[in-house]
Amino acid sequence: MVPQQRHRIVPFAVCASAGIVTLALPPYDELAHVGHLLLAGGLLAVCVAIAAVADWDSRWQAAPPLLFFAVVALILDASGGSSSGLAPLVILPILWIALYRSRIELVLSAIATGLLFVLPLVVFGSPDYSWQNWRRAVLWVLVATVIGPVVQELVRTLERRQEQQARLAARLEGVLTAATEHSIIATDVEGVITTFNQGAERMLGYSSGEIVGQVTPILIHDPDEVVSRAAQMGIEPGFEVFVQAAREGRSETLEWTYLAKDGTRVPVRLTVTAMRDRAGEIFGFIGLAKDITTEKAALSELRQAEARWRILLDHLPDTSVMTIDQELRYGVALGEGLLRQEMGQLAGRTLQETSSATNVRILEPVYRRALAGEEASAEVQATQTEAFHEVVAVPLPPGDKGHAALVVARDVSEARRREEQLAIAKEGFMSLFEEAPFAVLVLDLQGSVLDVNPAACRLLGYTRDEIIEMTGNLARSLKSRIRRLLVELAASPNHRVASEARLRHRDGQAVDVSFEAIVQHTTTGEPRQVLINAVDISERRRFEKQLAHMAAHDALTGLANRRRFDHEMMRHIDICERYGPRGALLMMDLDNFKEVNDTLGHGAGDQLIVSVGRLLDQRMRKSDLVARVGGDEFAILLPEADRRAAQSVAADIVSMVRENARFLDGSRPHDVSASVGVVLIDRPGLSASELVSTADLTMYEAKAAGRDRFVCVSSAQVAPRV
């Protein structure tokens with residue numbers, strides 16, 4: 001007999017047997033037919049046997065309940081007929097058929113119930129069976145015909161729903177089990193994890209028992225990504241970052257970084273979907289994540305194992321090594337850590353004997369999981385010294401005494417203190433890094449960008465991820481500079497380079513920066529990474545250019561000033577000394593300019609100077625130099641002109657001033673003309689001052705000759721220096 005069949009038969013057999021047994025107890029005046037009683041007991045045994053046989057042959061499944069009606073009849077007859085208190089036993093076959101058999105068999109049970117009470121009235125009658133017994137017949141027949149179908153339908157409905165739920169559960173379990181290449185994590189509406197499939201266990205290294213009940217995203221997501229995404233969405237960092245789109249009925253697939261149990265960063269593509277009930281209300285969320293890295297699980301496991309053994313070997317003085325059996329009794333117990341905890345006699349004692357109740361609650365699940373074949377860990381505070389210990393339990397191969405586990409406990413009190421100090425220092429550094437007003441870039445030794453601060457993003461106009469990925473124009477403009485910088489750093493004796501550079505902003509604008517790059521080293525002196533601090537000096541460069549322009553140009557006309565003119569003249573004389581004399585120098589003065597100032601004011605005079613300067617600048621070539629060297633006096637250097645060209649330029653200047661000189665309002669001044677002195681630079685050995693003096697004198701000759709004209713002389717006419 002299978003357990004399910006036994007579960008069905010035992011309650012009914014117990015109730016029937018109890019009824020028969022009560023007949024053997026005082027008072028004995030109801031024990032009227034001992035033979036019937038024995039026969040009823042035998043029939044009851046037959047019913048149980050047939051029920052067992054029915055498990056192999058379904059044709060016999062109706063026999064036990066129908067036969068039990070005969071058992072009830074004998075029990076009633078043996079216990080006093082119509083006055084028997086065991087009449088309710090008739091409910092047993094009715095319930096059996098209502099629970100486990102068909103509707104037609106329920107009809108037969110109603111007929112059998114009626115016969116059970118009516119037939120003795122007809123066959124035997126009073127006094128053993130009173131005619132009042134017909135009421136019982138009616139009530140029990142109604143129970144079979146009215147209540148029985150309701151119970152039967154309810155049972156069938158429950159069976160169908162259980163079957164549907166079982167199929168759905170099996171289907172879901174199959175999907176979750178088969179999806180070993182995907183992480184499937186379900187949560188409730190508050191973010192508490194309710195499902196953690198094998199794919200998630202395989203991807204993240206956690207077991208379902210460790211994760212279910214925890215809150216996401218704090219446990220498995222990169223917190224920096226959560227904060228960044230929350231800032232983009234304009235909400236507080238938390239669970240809502242992942243499910244906001246799902247709440248709104250939108251499907252959103254994003255790339256995130258999972259944090260595995262061993263600290264590995266696992267890039268995944270995550271899709272979150274809302275789970276809704278029939279009313280459309282959200283009762284949870286399910287996230288499907290695919291690992292998009294090329295890392296191999298074997299390599300990750302190897303690194304984990306290597307890290308664990310390295311910790312064990314490096315910290316052996318603070319480590320305890322023990323074995324524990326299925327009774328949670330310690331076997332081998334070695335290590336200096338045990339002596340520090342005053343637990344040198346740990347071997348042979350149980351966990352409950354050696355630990356506080358709090359530590360037992362923490363360690364027992366860890367030990368049980370290790371004994372079941374799964375690695376587990378926890379952190380506890382020692383009972384004796386109150387030091388913090390990291391406890392790792394790993395399964396050992398089964399031996400003669402059954403399963404056992406290896407337990408390694410390491411004192412991490414000092415490490416936790418250092419971690420706290422390091423976290424504080426790191427937090428301070430990150431605050432400086434993030435809030436620094438100047439750009440900071442961190443590179444590896446190959447020139448790849450590892451990290452940048454917000455100021456660098458503002459400086460270049462790119463996001464952090466774009467700078468790190470080095471895409472588009474950024475790769476072309478910045479990466480080549482980084483390569484050159486690495487070469488300079490390698491050649492620098494102190495591994496430090498300070499310089500200036502021009503970068504290109506995302507919008508195409510040039511950005512001038514002053515930067516300092518240094519190589520950061522490990523504690524052993526090995527180069528680790530490159531740190532670049534850069535400051536935007538574009539505004540300073542603009543001011544410098546503006547100052548340089550102001551130093552070399554006339555403030556009123558924008559032409560070259562006397563200082564620039566003298567510099568260019570000396571440079572031209574140097575060229576003439578080296579390659580031979582060439583060019584011409586013109587000095588021009590406005591005629592009657594004093595009358596303009598005296599009659600119309602200095603403002604009008606300034607307007608006239610500006611308009612004349614504009615005429616001269618438009619007439620000359622780019623290689624020529626036009627300078628304002630005095631109030632209304634201009635100097636013009638023609639570096640490549642011969643006599644004809646110089647005279648042509650001088651004639652054009654006289655004509656242009658006469659015909660086109662105007663105030664800014666468009667009116668022409670009266671009697672304003674130009675007198676121009678021209679000196680040809682056709683003899684070597686002359687100084688700039690000599691040429692300027694000669695041109696000045698020649699200009700005054702033009703004025704003396706009647707103004708509004710030019711006079712041209714050769715440099716041979718220049719008096720030699722004394």
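## Labels and their cut-offs

Tutor: D708 sits in the loop between α24 (688-704) and β20 (709-714); helices (H or I, at least four residues) and strands (E, at least two) are DSSP runs, numbered from the N terminus. This is a predicted model, where local features need pLDDT of at least 70, side-chain atom pairs count only at pLDDT 80 or more, and totals for chains, interfaces and linings use all residues. Residues are numbered from 1 along each chain as its sequence is written, and side-chain values use heavy atoms, leaving out hydrogens and water.

Student: Why is D708 called partly exposed?

Tutor: Buried means under 20% relative accessible area, exposed over 50%, and partly exposed in between (1.4 Å probe, protein chains only). D708 has 25% relative accessibility, so it counts as partly exposed.

Student: And what makes L328 count as buried?

Tutor: L328 has 1% relative accessibility, so it counts as buried. Its place is the loop between β6 (319-325) and β7 (330-334).

Student: What is the phi of L328?

Tutor: It's positive, about 60 degrees, although L328 is not a glycine. D708 isn't a glycine either, and has a positive phi of about 50 degrees. Most residues other than glycine have a negative phi.

Student: How do you know that β1 and β2 pair?

Tutor: Two strands pair if DSSP finds at least two bridges between them. Strand β1 (residues 182-187) and β2 have three bridges, in the antiparallel sense, so they meet that definition. I185 stands opposite F196 in β2.

Student: What makes β2 and β3 edge strands?

Tutor: In the open sheet of five strands, the order is β2-β1-β5-β4-β3, with antiparallel pairing. β2 (193-196) and β3 (252-259) each pair on one side only.
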